[in-house]
Amino acid sequence: MPRRLYSCTPSRLNTWLDCRRRYRFTYLDRPQPSKGPAWAHNSVGASVHNALAGWWREPYERRTPLTAAILLTNGWITEGFRDAEQSGRWLGRARDLVSGYVATLDPSDDPVGVERTVATRTKVIALSGRIDRLDRRGDELVVVDYKTGRRPLTQDDARSSLALAVYAVAASSMMRTPCRTVELHHLPTGEVIEWRHTEESLARHIARAEEVAMEASEADDRYRAAVPGRSGPRRPPGERQTIGPPQVPDEVDKLFAPSPGPICSWCDFRRHCPEGQAAGPERQPWDGLAE
């Protein structure tokens, strides 16, 4: 019998590459181990993405910087901030980000897709993901990814991104239109970082995705064979319950060994990982903000 396709997203593959223990906690352990508190920088990013998606869904005459600011305000996510004052200050910054960004756009140039789910498959994997924006430029499509982080971006970020390459391949396949250009739109600086792939570079990304997927798939199978399925206890309404990872055989634990490093300070599952706790200091939920 042929092996079943490994169904995944670029995020799942990247999690396997970053830390196999975090991969296990995220995708295999059920019930999922409890996460730490929400991150304020993620709240900012999600709020901005939602506002920009909503802006393109407005009628043409309402696609103005003011509308973007209103959408951002109405959909503001307050989780992770130190207090209401900090949340309000960042709300003002985010309003400036989205209103300034949409002022550079042509409101009549409708994208092919906004928050568009795309998918493709090979003989090994079934890949899917969601694109922030898919533009048509001449006879080709362009993948646009919004970025709100404080770190400046480089062309290498666009070139090496597995997610962007997968999105380009999937969009081209679904739309039957060439898609080789990917762009990172860094709202804090206003920079647009572009990379134009070749057929060869896209093929290398897909081959890499297949390689990672085969490793992860084999590990998934060994986990499921060794760890019986669990169903978590019902939680009373409104009650927060701390759930730890299940006990697993040593050989399975080694298979999903952690990758300690600076990123451990930002891991949602830090509380369950002694190696991660030793790798870096604990962060406050608002430490990711560029204060």
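Reader: How many aromatic pairs does a search of the whole structure find?
Author: Ten aromatic pairs. Rings of Phe, Tyr and Trp (its six-membered ring) pair if their centres lie within 6.5 Å; planes under 30 degrees apart count as stacked, over 60 as edge-to-face and the rest as tilted. This is a predicted model: local features need pLDDT of at least 70, side-chain atom pairs count only at pLDDT 80 or more, and totals for chains, interfaces and linings use all residues. Residues are numbered from 1 along each chain as its sequence is written, and side-chain values use heavy atoms, leaving out hydrogens and water.

Reader: Take Y23 and Y27. How far apart are the ring centres?
Author: 5.3 Å, with the planes at 45 degrees, so the pair is tilted. Both sit in helix α2 (residues 20-27), four residues apart, so about one helical turn separates them. Helices (H or I, at least four residues) and strands (E, at least two) are DSSP runs, numbered from the N terminus.

Reader: Is Y23 buried or exposed?
Author: Buried, at 0% relative accessibility. Y27 is partly exposed at 22%. Buried means under 20% relative accessible area, exposed over 50%, partly exposed in between (1.4 Å probe, protein chains only).

Reader: And W39 with W266, what's the geometry?
Author: Tilted, because the planes are at 50 degrees; the centres are 5.3 Å apart. W39 is in the loop between α2 and α3, and W266 is in the loop between α9 (250-255) and α10 (274-279), so the pair ties together parts 227 residues apart in sequence. W39 is buried at 9%. W266 is partly exposed at 26%.

Reader: Which residues do ring pairs link into a cluster?
Author: W16, Y23, Y27, Y223 and F256.

Reader: Switching to helices. At what angle do α3 and α4 pack?
Author: About 135 degrees, with axes 8 Å apart, for α3 (residues 40-57) and α4 (residues 65-74). Axes are lines fitted to C-alpha atoms, for helices over the stretch in contact, and angles run from 0 to 180 degrees between N-to-C directions. That makes α3 oblique to α4 (under 35 degrees is roughly parallel, over 145 roughly antiparallel, 65 to 115 roughly perpendicular, the rest oblique).

Reader: Which residues meet there?
Author: From α3, S47, V48, A51, G54 and W55; from α4, T67, A68, L71 and L72. Contact means heavy atoms within 4.5 Å.

Reader: Last one: where is T120?
Author: In strand β2 (residues 113-121). T120 is buried, at 14% relative accessibility. Leaving aside neighbours within four places in sequence, T120 contacts I125, A126, L127, V169, A170 and S173.
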